[in-house]
Amino acid sequence: MTMKHFGPTKLEATLIPQIARQWGTPVYLHDQEYIENSCEQLLGMPNAYGLHVRYAMKANSDRTVLRVVTNKGLDLDCSSMDEAARAHAAGVPYSRMMLTTQEVPSGEERAELEEMIRAGLKYNVCSMTQFQLIADFATSNKIDLSIRVHPGAAGGGESTTRDTGSEYSCFGVHLNDVPTVKARADELGLRFTQVHVHIGSGGDPEKWRENIDRELGFVRDYFPDATTVSFGGGLKVARMPGEKQADIASLGAYAMQRIQEFKAATGRELQMEIEPGTFVVANSGHIVTRIIDKKLTNEMNFLIVDGGMELLTRPLLYGSEHPIAIVRQDGTLLSSEYDQTPAEGLKPFGIVGRCCESGDSVRLDKEGNIVPLLIAEPEIGDYVVIGGTGAYSESMSPENYNSHRKPGAVMKTRSGELVQIRKKQVREQLTQNELDVKL
């Protein structure tokens, strides 16, 4: 039986050449129905006294994606003031956002931050300096704050670079400094009504459970005014076959039990908050690339495609793996790594992009060497489709490296229609902010 669909979105292979003809390659592709289903799954997570779900918009900040997510009822977690302003320009009110940032705004940016907070943005204090600078404003305007606590506990991410809770990570007010911040807040009459801890992305679910216990402990000890406890995001998705996805029902049930026990011990009801990004959009996305060349060395067969690390830098940054599908120009699906089909008649190829970097490949080992993939052999002009790219792909790409232009993006709507949601960057945009200085 010939395969016609592949991946978690059951993408029809015949759509690939259609998309390529209409919008060119490389191009990002998203699936509305998958995103909406992910939102519904999260909103149905077991909870004790209410659940608030925020989408970590750094995962994918495209305005159409933001509208799909917020229309399903998720609010936003923003990692910068520019993200907040970008979401507001997409039609999301500041009252539906929380700002969790490393920034320490001053001057015009500080004035803009204050206007955002007045308009309802929740400010998540992430350092002693941030607290000192926001305290007087919050006091005079009677604004409650959130606080991100650095727990000093390692192991929350799937790699060292994605672990945000260890002593080698700088995110949040360190637990050692919490008493100082809390004492000053008490002097000013300031309330921390939300406590937030995020220990990393894609890590062991057991670490997520440990974080729940740890966080509820210092909510009890330090934050009597807290009504919401945020356990962060980082819920693992299964991009590759054999990977185990986070069990939302199980994690929710554990959190619900612990929050109920917290009430029994303290009399306080806490609303639970989570802020996933990857879980919402990762497997909704693909990158469609075209094979532009084939090369052979003494050691490896290579396929050169027209989009690589400038579109997807996760393999180079994290050693992450993304499933590969091979589609012919006539829409025939030759092989799908995610679906592990077919199992025989495959040939090893290193798949690389156009960038002048030896690490520009979709699969690298721990030493940064290119790893060949077993695929059905394609021809020049056929398509390599990279899966699991809806999160931390276009939003995190080193765009314009080698002066390659950022590609456009397409969304497959719930009705099956294909619509362009972002145009390809034009060449003039590469230099539009450069000044013609005569030296």
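User: Is Arg-258 buried, partly exposed or exposed, and what is its relative accessibility?

Analyst: This is a predicted model. The general idea: a residue counts as buried under 20% relative accessible area and as exposed over 50%. Arg-258 has 23% relative accessibility, so the residue counts as partly exposed.

User: Which residue forms a salt bridge with Arg-258?

Analyst: To read a salt bridge, look for a side-chain nitrogen of Lys or Arg within 4 Å of a carboxyl oxygen of Asp or Glu. Arg-258 pairs with Glu-261, and their closest N and O atoms are 3.0 Å apart. Glu-261 is partly exposed, at 37%.

User: Where do Arg-258 and Glu-261 lie?

Analyst: Both sit in helix H9, residues 248–266. They are three residues apart, which means a separation of about one helical turn.

User: What salt bridge does Lys-263 form?

Analyst: Lys-263 pairs with Glu-269; the closest N and O atoms are 2.7 Å apart. Lys-263 is partly exposed at 28%. Glu-269 is partly exposed at 43%.

User: Which parts does the salt bridge of Glu-337 and Arg-363 tie together?

Analyst: Their side chains meet at 2.9 Å, N to O. Glu-337 lies in the loop between strands S16 (333–336) and S17 (347–352), and Arg-363 in the loop between S17 and strand S18 (373–375), so the pair ties together parts 26 residues apart in sequence. Arg-363 is buried, with a relative accessible area of 7%.

User: Which residues are linked in a network of salt bridges?

Analyst: Lys-294, Lys-347, Glu-377 and Glu-379 are linked in such a network.

User: How many salt bridges does the count come to?

Analyst: The count comes to 24 salt bridges.

Note on methods: Residues are numbered from 1 along each chain as its sequence is written. This is a predicted model: local features need pLDDT of at least 70, side-chain atom pairs count only at pLDDT 80 or more; totals for chains, interfaces and linings use all residues. Side-chain values use heavy atoms; hydrogens and water are left out. Helices (H or I, at least four residues) and strands (E, at least two) are DSSP runs, numbered from the N terminus. Buried means under 20% relative accessible area, exposed over 50%, partly exposed in between (1.4 Å probe, protein chains only).
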